[in-house]
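Colleague: I have a new model open and would like to learn how to read it. Could you take me through it feature by feature?

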Amino acid sequence: MKTIYFVSRRMNKARREHLTKIANKSGFFKVTTDVREASIVISQESNGKEIVEYLTKNKLITDDVTMVTDDVTKQFVDVSWFIACMKEKSLVPMEKHHKLQFKQSIEDGVSPSKKPRRDEKARMAMYACQRTTPLDHYNQQFTDALEILEEHAFYRGDSNAEARALSFRRGSASLKALHHKVTHVEQLANIPYVDSTNSSKIGHCKKVIKEILEEGFCDEVEGVRNSEFYKSMKIFCGIFGVGPSTGRKWFHDLKMRTLEDVRKEDVHLNKDQAVGLKYYEDLNEPLLLEEANHIAKLVRDTCVALRKDTTVTVVGGFRRGKAKGHDLDLIISHPIEGREEGLLGLILDQLKEHFVYTEKKASIKKVTGPSDSKNTMDHFEKCFSIFRFQPQWVGRLCPSGKSWTAKRVDLIVVPKSQFAFAVLGWTGTKHFNREIRRYARSEKKIVLTSHGMYDLDTKESYPAETEEEIFNKLGLKYLPPNKRCC
Ligand code: CTP
Ligand code: MN
Ligand code: MN
């Protein structure tokens, strides 16, 4: 029986609890919470020096650092070794790559220009909500490649697809937070979800980047990009109302490949998909900032005329500072709780000449209380609409000679008490939401949604009027929207 200790650095509580449970069940490990008792010290995404510093700083060990590292009774290993033992259901030999390095041989052997900046190397936080991710970054060549693999996993939708897609996005999100372009594979050291041996998926990100660095492209990515499946799915999922499961049915069962196939085949389309197909070309032209601002103003003026003091807030990509996007997202609210009710119908009616399509998604009543469901959809009253935009409004001509072009607009109606949470959720990115919610749950035992937040154990809910208050409650440094571009 080996006595092991899990170091909390870069390993959250939920993960430690899970590993402890499976270790204690194994029959050959016993987990201790006192590192001094352990013969094996297990950590994640760290080198030996960092672990000893961490343990000393947190007063978990008081010995002189050299005493600990020279302690022949203690071994310092990466969690990948532990996982390998669990897989094999026995103690597997410790390979070199399992053992933590105490001398930073990579850093020692590398010229200063190749060295990652010290602060970054030491401090890149694990959760994207703990770090700044700007709109423009230095590593687009790599992040584009990883995001193609993410998209491909999403399209495939087979077992594991979600985890696979997520691991590519996490790797990509880490690279977006770097303050320099990656030019050498050594610079990937210690980058969360890129550099680690503890998961094949993480190794996968590193392999892709390494290939691009060495050969200028990655075979796997190019294979996906040029595959019939990916190209067709990209077209199908580019139709408003079509998601990967419909796309897959068309591709595999109906052997469809192109937009023409969708148009000529006698396939069943629901209401969303029928208009999506009709306006496919228009809707796949990006919506520009000045166009978005024009629509936002029109909606705002209409709302205020209908009900004084109504607020219309631009969220989504434009709030994060993007210059174009695939739609405009607007949150409609009112400073008096309850005064937002019934507004959506009035707005759509008032603006009906401007809308091509307004399919209201009814709110599912009434989700103020805690819910433990994994469903991340919110329950606001909303409308995913298609708007008739006239380019002459912003001094342009319609390229096709028509007098208008179709644009997607999302309208979401939100009561005041949930406004800050809805703005946070709808500002995104999707990955930022995933991260801040995962952080809240794992590190703070708080459930965060677009409706509110509450304590996982006591179910006590915590109100907030601003995004700053939400970050504060979660113990996070506030990030403005343009720093959430992960
Ligand atoms: N969102 C959501 N519930 C939905 C749809 C979207 O909470 N049913 C969130 C998404 O997670 C995202 C934000 O609302 O963070 C905006 O969604 P979307 O318009 O799809 O993406 P954008 O980031 O705005 O990208 P784009 O500029 O291409 O529109
Ligand atoms: Mn959007
Ligand atoms: Mn949207």
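**The metal site**

Modeller: Let us start with D327, which bridges the manganese ion (ligand 3) and the manganese ion (ligand 2), the two ions lying 3.6 Å apart. Please keep in mind that this is a predicted model, in which local features need pLDDT of at least 70, side-chain atom pairs count only at pLDDT 80 or more, and totals for chains, interfaces and linings use all residues. Residues are numbered from 1 along each chain as its sequence is written, chains are lettered from A and ligands numbered from 1 in the order in which they are written, and side-chain values use heavy atoms, with hydrogens and water left out.

Colleague: Which residues are the protein donors of the manganese ion (ligand 3)?

Modeller: First the general idea: donors are N, O and S atoms within 2.8 Å of the metal (3.2 Å for Na, K and Ca), and sites may look incomplete because water is not among the atoms. Here the manganese ion (ligand 3) has D327 (OD), D329 (OD) and D410 (OD) as its protein donors, 2.0 to 2.2 Å from it. Along the sequence these donor residues follow the spacing D-x1-D-x80-D. D329 belongs to strand 8 (residues 328-333) and D410 to strand 11 (residues 405-413), so this pair ties together parts that are 81 residues apart in sequence. Helices (H or I, at least four residues) and strands (E, at least two) are DSSP runs, numbered from the N terminus.

Colleague: And what coordinates the manganese ion (ligand 2)?

Modeller: For the manganese ion (ligand 2), D327 (OD) and D329 (OD) do the coordinating, at 2.0 to 2.1 Å.

Colleague: Are D327, D329 and D410 buried or exposed?

Modeller: The general idea is a scale: buried means under 20% relative accessible area, exposed over 50%, and partly exposed in between (1.4 Å probe, protein chains only). D327 is buried at 6%, D329 is buried at 7%, and D410 counts as buried at 4%.

**The whole protein**

Colleague: How should I read the overall dimensions?

Modeller: For 486 residues a compact globule would have a value near 23 Å, and the protein has 26 Å, which agrees. Along the principal axes, the C-alpha atoms fill a box of roughly 80 × 50 × 45 Å. Inside are 21 helices and 13 strands, and buried residues make up 49% of the 486 residues.

Colleague: What do the contacts say about the fold?

Modeller: Contact means heavy atoms within 4.5 Å. Among contacts between residues at least 6 apart in sequence, 68% join residues at least 24 apart.

**Two helices**

Colleague: Which residues of helix 4 (residues 79-88) are buried?

Modeller: In helix 4, V79, S80, W81, F82, C85 and M86 are buried. Their cover includes strand 1 (2-6), helix 1 (13-26), strand 2 (29-31), strand 3 (40-43) and strand 4 (75-78).

Colleague: Where does E291 lie, and what does E291 touch?

Modeller: E291 sits in helix 16 (residues 289-306) and is buried, with a relative accessible area of 7%. Leaving out residues up to four places away in sequence, E291 touches P286, F389, V394, R396 and K407. From E291 to I412 there are 121 residues in sequence and 19 Å in space, C-alpha to C-alpha.

**Backbone angles and loops**

Colleague: Which residues does the cis peptide bond join?

Modeller: The cis bond joins G428 and T429, with omega about 0 degrees. T429 is in the loop between helix 19 (419-427) and helix 20 (430-444).

Technical notes. The radius of gyration is taken over C-alpha atoms; the globule rule is 2.2 Å times the number of residues to the power 0.38.
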